[in-house]
Amino acid sequence: MSEHKAIIQWKRNGPDFLAGKYSREHTWTFDGGVTVAASSSPSVVPVPYSNPAHVDPEEAYVAAISSCHMLTYVYLASRQGFQVESYEDEAVGEMAKNEKGVPWVSLVTLNPRIIYGGVRLPTQAEEERLHHHAHEQCFIAASVKTQIRVGGIKHAE
């Protein structure tokens with residue numbers, strides 16, 4: 001159907017590589033030309049070998065899930081005649097260890113705050129149905145084994 005590419009670049013910048021004392025800072029460059037400063041998470045690799053100001057893979061994973069859900073939700077809401085003025089989500093990913101003891105992002109909780117405009121406002125049941133359908137149709141959610149839930153749905157006018 002389609003391809004999606006990212007260029008990841010890292011270069012050694014210190015003499016203690018074999019001792020594990022090297023920077024994990026790197027860049028992600030996307031096909032549109034945007035370059036993002038990236039690093040390992042400081043919860044995995046301590047500072048100064050990681051940079052907490054940069055995006056780490058775990059954060060990017062949570063953001064990708066949230067972004068896909070939001071884009072799908074906004075589309076579905078528009079098709080149902082609901083005018084979305086804004087959508088904000090403070091998504092949270094939780095790490096756990098799998099049966100082999102390997103850490104993984106086991107749960108992502110989406111906490112959307114949606115503001116609607118126009119005459120027609122969704123009921124709580126309609127919002128829940130839209131979130132359910134958004135989850136079912138989100139490409140990223142369909143691609144991962146992480147449990148994704150929507151909590152704290154806040155309806156604001």
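Guide: Begin with pairing. Two strands pair if DSSP finds at least two bridges between them. Keep in mind that this model is predicted.

Visitor: Which strands form the open sheet, and in what order?

Guide: Three strands form it, in the order β5-β6-β8, with mixed pairing. β5 (92-97) and β8 (147-150) stand at the edges; each has a single partner strand, so one side of each lacks a neighbour in the sheet. On average, neighbouring strands here are turned by 25° against each other, direction ignored.

Visitor: Which helix packs on the sheet?

Guide: Helix α1 (residues 57-79) does, touching β5, β6 and β8. The direction of α1 makes about 35° with that of β6.

Visitor: In which sense do β6 and β8 pair?

Guide: Parallel, over four bridges, with β6 spanning residues 103-110. Look at L110: its bridge partner in β8 is V150.

Visitor: How do side chains lie along a strand?

Guide: In a regular strand they alternate between the two faces of the sheet.

Visitor: What joins β1 to β2?

Guide: Four bridges, and the two strands run antiparallel. Q9 stands opposite T27 in β2. β2 also pairs with β3 (residues 35-38), antiparallel over four bridges. There, T29 stands opposite T35. β2 and β3 form a hairpin with four residues between them. In the turn, G33 has a positive phi of about 105°.

Visitor: Where is W10 found, and why does W10 count as partly exposed?

Guide: W10 is in the loop between β1 (6-9) and β2 (26-30). W10 counts as partly exposed because its relative accessibility is 39%. With F17 and L18, W10 makes a nonpolar surface patch of about 360 Å².

How values were computed. Residues are numbered from 1 along each chain as its sequence is written. This is a predicted model: local features need pLDDT of at least 70, side-chain atom pairs count only at pLDDT 80 or more; totals for chains, interfaces and linings use all residues. Side-chain values use heavy atoms; hydrogens and water are left out. Patches are made of residues with over 30% relative accessible area and no salt bridge: like charges are joined within 9 Å, nonpolar side chains (Val, Leu, Ile, Met, Phe, Trp, Tyr) within 5 Å. Accessible areas come from the Shrake-Rupley method with a 1.4 Å probe; for residues, only the protein chains shown count as cover. A salt bridge is a side-chain nitrogen of Lys or Arg within 4 Å of a carboxyl oxygen of Asp or Glu. Buried means under 20% relative accessible area, exposed over 50%, partly exposed in between (1.4 Å probe, protein chains only). Axes are lines fitted to C-alpha atoms, for helices over the stretch in contact, and angles run from 0 to 180 degrees between N-to-C directions. Contact means heavy atoms within 4.5 Å.
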